[in-house]
Amino acid sequence: MPFTLEVLAFVGGVSLLGWIIGTSTTYQWFGFSATHLTELWQYYRIFTSHLFHHDFDHFFSNALYFVLFGLWIEKNHPPDEFLLLMVFAGVMSCVVDAVG
């Protein structure tokens, strides 16, 4: 099974768990906010915020683009570069969110 689909299945399961718990509770525990980093030192939120999706439409639109680009990237780059790109993109989106 392609790594892209494995990641998609994992994120889908985590998002489903977040929907069961409730999106507001999930955001309080795992969502990203610059305040959580600067005042509470909760750096894990840089990574966990990318695992949960607000609703199915949000998950589906992200999943569509992730599969389209992920399978191509996975085909043309080694797995370690693909994983590094995913982590880099996630961290950079948090940086942009915190700055902007």
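## Crossing of helix 1 and helix 6

Helix 1 and helix 6 cross with a right-handed sense; a crossing is right-handed if the near helix is turned clockwise from the far one by less than a right angle, and left-handed if anticlockwise. Axes here are lines fitted to C-alpha atoms, for helices over the stretch in contact, and angles run from 0 to 180 degrees between N-to-C directions. Helix 1 contributes Phe 3, Thr 4 and Val 7 to the contact, and helix 6 contributes Phe 82, Leu 83 and Met 86. By class these residues are five nonpolar, one polar and no charged. Ala, Val, Leu, Ile, Met, Phe, Trp, Tyr, Cys and Pro count as nonpolar, Asp, Glu, Lys and Arg as charged, and the others, Gly among them, as polar.

## Basis of the values

This is a predicted model, in which local features need pLDDT of at least 70 and side-chain atom pairs count only at pLDDT 80 or more, while totals for chains, interfaces and linings use all residues. Residues are numbered from 1 along each chain as its sequence is written, and side-chain values use heavy atoms, with hydrogens and water left out.

## Packing of helix 1 on helix 2

Helix 2 spans residues 23-30 and packs against helix 1 at an angle of about 115°, with the axes 6 Å apart. Gly 18, Trp 19 and Ile 21 of helix 1 meet Thr 23, Thr 25, Thr 26 and Trp 29 of helix 2, where contact means heavy atoms within 4.5 Å. This contact has three nonpolar, four polar and no charged residues.

## Overall architecture

The protein has six helices and zero strands, so the order of elements from the N terminus is α-α-α-α-α-α. Helices (H or I, at least four residues) and strands (E, at least two) are DSSP runs, numbered from the N terminus.

The C-alpha trace spans about 40 × 30 × 20 Å along its principal axes. Of contacts between residues at least 6 apart in sequence, 64% join residues at least 24 apart.

## Surface and burial

The accessible surface comes to about 6,800 Å², and carbon and sulfur atoms account for 72% of that area. Accessible areas come from the Shrake-Rupley method with a 1.4 Å probe; for residues, only the protein chains shown count as cover. Buried residues make up 29% of the 100 residues (buried means under 20% relative accessible area, exposed over 50%, partly exposed in between, with a 1.4 Å probe and protein chains only).

Leu 71 is in helix 5, residues 56-76, and counts as partly exposed because its relative accessibility is 36%. Beyond its neighbours within four places in sequence, Leu 71 is in contact with Pro 2, Thr 4 and Phe 66. Phe 88 is 17 residues from Leu 71 in sequence and 17 Å away, C-alpha to C-alpha.

Ala 63 also lies in helix 5; at 10% relative accessibility, Ala 63 counts as buried. Ala 63 and Ala 9 are 54 residues apart in sequence, and their C-alpha atoms are 9.7 Å apart. Pro 79 belongs to helix 6 and, at 63% relative accessibility, counts as exposed. Pro 79 and Val 67 are 12 residues apart along the chain, with their C-alpha atoms separated by 15 Å.
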